[in-house]
Amino acid sequence: MTELAVATDLIKDGADQTFMQDVVEESKKQPVIVDFWASWCGPCRQLGPNLEKAVKSANGAVKLVKVDIDKNPAFAGQLRVQSIPAVFAFADGQPVDFFQGNLPESDIKAFIGRLVGEAGKSDIDRLLDLGRESVEVADMGGAAQAYAQALQLEPANVKAIAGLARVYLSGGDADQARQIAAMAPADSNDPEIQGVRAALELAGAQESHSDTAQFEQALARNPKDHQARFDLATALAAQNRFQEAADQLLRIVEQDREWNEQAARKQLLKIFDAAGPGAEVTRDGRRRLSSILFS
């Protein structure tokens with residue numbers, strides 16, 4: 001097949017009349033990018049060639065449909081395009097990604113890379129990703145819905161169980177979180193469910209360590225009272241104040257790493273599990289702990 005034929009197959013001009021066939025239906029077979037543009041738009045003329053180049057470089061993994069909004073305003077209006085260039089990525093008949101304005105070639109390639117990866121994901125993976133993304137923007141309702149839908153498709157999915165349990169835990173409903181977490185196999189080594197179990201264990205200390213004032217007062221009288229500092233860290237962790245709890249435990253390890261059979265270090269590792277491997281408190285805390293232990 002000649003280069004011209006390949007370009008014709010992968011890149012085409014779209015219209016409102018053919019949008020459903022060229023974009024929505026076609027995206028059920030493979031990812032489709034839609035470039036909403038206009039002839040008077042300077043950034044569109046800059047973006048267009050780079051977008052076409054990146055699509056050709058994807059070796060047939062994605063198609064491009066170019067829609068002149070002056071001639072074809074209907075679907076641009078439905079997608080609420082307010083300025084151009086506006087580029088939408090479609091997979092499985094739905095828009096899954098979007099950017100607006102001109103981008104460097106590297107960012108365009110990354111955009112296509114995400115789309116190609118998205119198209120290869122299962123429905124479960126997409127729902128898990130949606131749940132994680134919702135948590136990151138503090139949309140706990142959206143996260144709960146995504147994880148619940150994942151569990152409808154696959155009731156034993158450990159990551160969905162862990163995600164839903166963590167949503168309930170973040171909302172202060174530890175009892176419901178425990179019920180959800182109990183759905184996972186007891187011997188599961190998945191780090192996400194282990195993290196939830198660690199967080200639930202820390203939350204269980206809330207009743208006996210609900211007030212930090214008494215421990216702070218004890219430390220004010222005697223800064224070397226390791227038990228008071230440990231209890232303060234436990235109370236802070238029960239309130240999901242992981243960074244403050246870690247700081248207190250690291251002080252104990254720094255002053256006496258063997259205190260109470262290394263209780264501070266063990267509790268610190270539990271906090272790392274509860275927060276998750278990607279959390280700043282975990283990354284920073286592990287670095288600080290290593291510095292103390294190997295100095």
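Guide: Residues are sorted by class here: Ala, Val, Leu, Ile, Met, Phe, Trp, Tyr, Cys and Pro are nonpolar, Asp, Glu, Lys and Arg are charged, and the others, Gly among them, are polar. The model is predicted, so local features need pLDDT of at least 70 and side-chain atom pairs 80 or more, while totals for chains, interfaces and linings use all residues. Numbering starts from 1 along each chain as its sequence is written, and side-chain values use heavy atoms, without hydrogens or water.

A cavity is a set of points on a 1 Å grid over the protein atoms alone where a 1.4 Å probe fits but cannot get out, and a lining residue has an atom within 4 Å of a point. Searching the whole structure turns up one cavity of 30 Å³ or more. The volume of the largest cavity is about 50 Å³, counted as the space filled by probe spheres set on points joined across faces, edges and corners.

The lining of this cavity consists of Asn-50, Lys-53, Ala-54, Ser-57, Glu-105, Ile-108 and Lys-109. H3 gives the most, with four residues. Sorted by class, the lining of the largest cavity holds two nonpolar, two polar and three charged residues.

Now turn to the open space. A pocket is an open set with protein on both sides within 12 Å along at least five of seven lines. The largest pocket contains about 680 Å³ of space. Its lining has 28 residues, and those nearest the centre are Val-135, Arg-166, Ala-274, Ala-275 and Gly-276. Two or more lining residues come from each of helices H6 (123-136), H7 (140-153), H8 (158-170), H10, H14 (263-275) and H15 (280-293). H8 has the largest share, six residues. The classes in the lining of the largest pocket are 15 nonpolar, seven polar and six charged.

Six residues of the contact of H9 with H10 are nonpolar, none are polar and two are charged.
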